[in-house]
Amino acid sequence: MGTTIWSPLAGGILTGKYNNGIPSGSRFDTDNGMMKSIYAKYFGDEDKKKKTLEALNGLAQIAKDLNCSQAQLALAWTIVNKDVSTAMFGATKLEQIDDNIKAIEVAKKLTPEINKKIDEVLGNRPETPTDFTNWGPTKTRRELQLEGKL
């Protein structure tokens, strides 16, 4: 079983484009209610905004260390994730497609240590279920992948 990731760049938020606010002419520079609600999910109040910007800035640093864009890093993460079968992304400009395709090369740089850094920056890993054979946590596929065992 696997998953299809729709919008692995979170509507452009993971590209770094919105790290300093809403650029003029961008998809969130609109009165569209749906777009405003998506933006509000990440930047709606000061606590959400602070948490989102901390994560985005952490991802920006990892991307810088890997000499890639934030978009490439986000897409590379989906490529190497064993629980992802397909990642569908869209683009409004041809240059975005060219940039996103380079994620394939970035994926080759994602070591278990770098994936662990990404998980720490995001801080959103699901809770591990209990293994009732030993009453300890069950190692998820993601954990095994980060340990280099998958």
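Colleague: How do the residues lining the second largest pocket divide into nonpolar, polar and charged?
Modeller: In this predicted model, they split into 15 nonpolar, 11 polar and 5 charged. Ala, Val, Leu, Ile, Met, Phe, Trp, Tyr, Cys and Pro count as nonpolar, Asp, Glu, Lys and Arg as charged, and the others, Gly among them, as polar.

Colleague: And which residues lie nearest its centre?
Modeller: Ser7, Gly11, Gly12, Arg27 and Gly90, out of 31 lining residues. A pocket here is an open set of points on a 1 Å grid over the protein atoms alone, where a 1.4 Å probe fits and protein lies on both sides within 12 Å along at least five of seven lines; lining residues have an atom within 4 Å of a point.

Colleague: Which helix gives the most to that lining?
Modeller: Helix 1, with 5 residues. Helix 4 (94-101) also supplies at least two. Helices are DSSP runs (H or I, at least four residues), numbered from the N terminus.

Colleague: Switching over, what's the volume of the largest pocket?
Modeller: About 980 Å³. Of its 35 lining residues, Leu14, Tyr42, Trp77, Leu122 and Asn124 are the closest to the centre.

Colleague: Which helix gives the most there?
Modeller: Helix 2, with 6 residues. Other elements that give two or more include helix 1 (33-43), helix 3 (70-80) and helix 6 (112-122).

Colleague: How does that lining divide up?
Modeller: Into 17 nonpolar, 8 polar and 10 charged residues.

Conventions. Residues are numbered from 1 along each chain as its sequence is written. This is a predicted model: local features need pLDDT of at least 70, side-chain atom pairs count only at pLDDT 80 or more; totals for chains, interfaces and linings use all residues. Side-chain values use heavy atoms; hydrogens and water are left out. Grid points are joined across faces, edges and corners, and a volume is the space filled by probe spheres set on the points.
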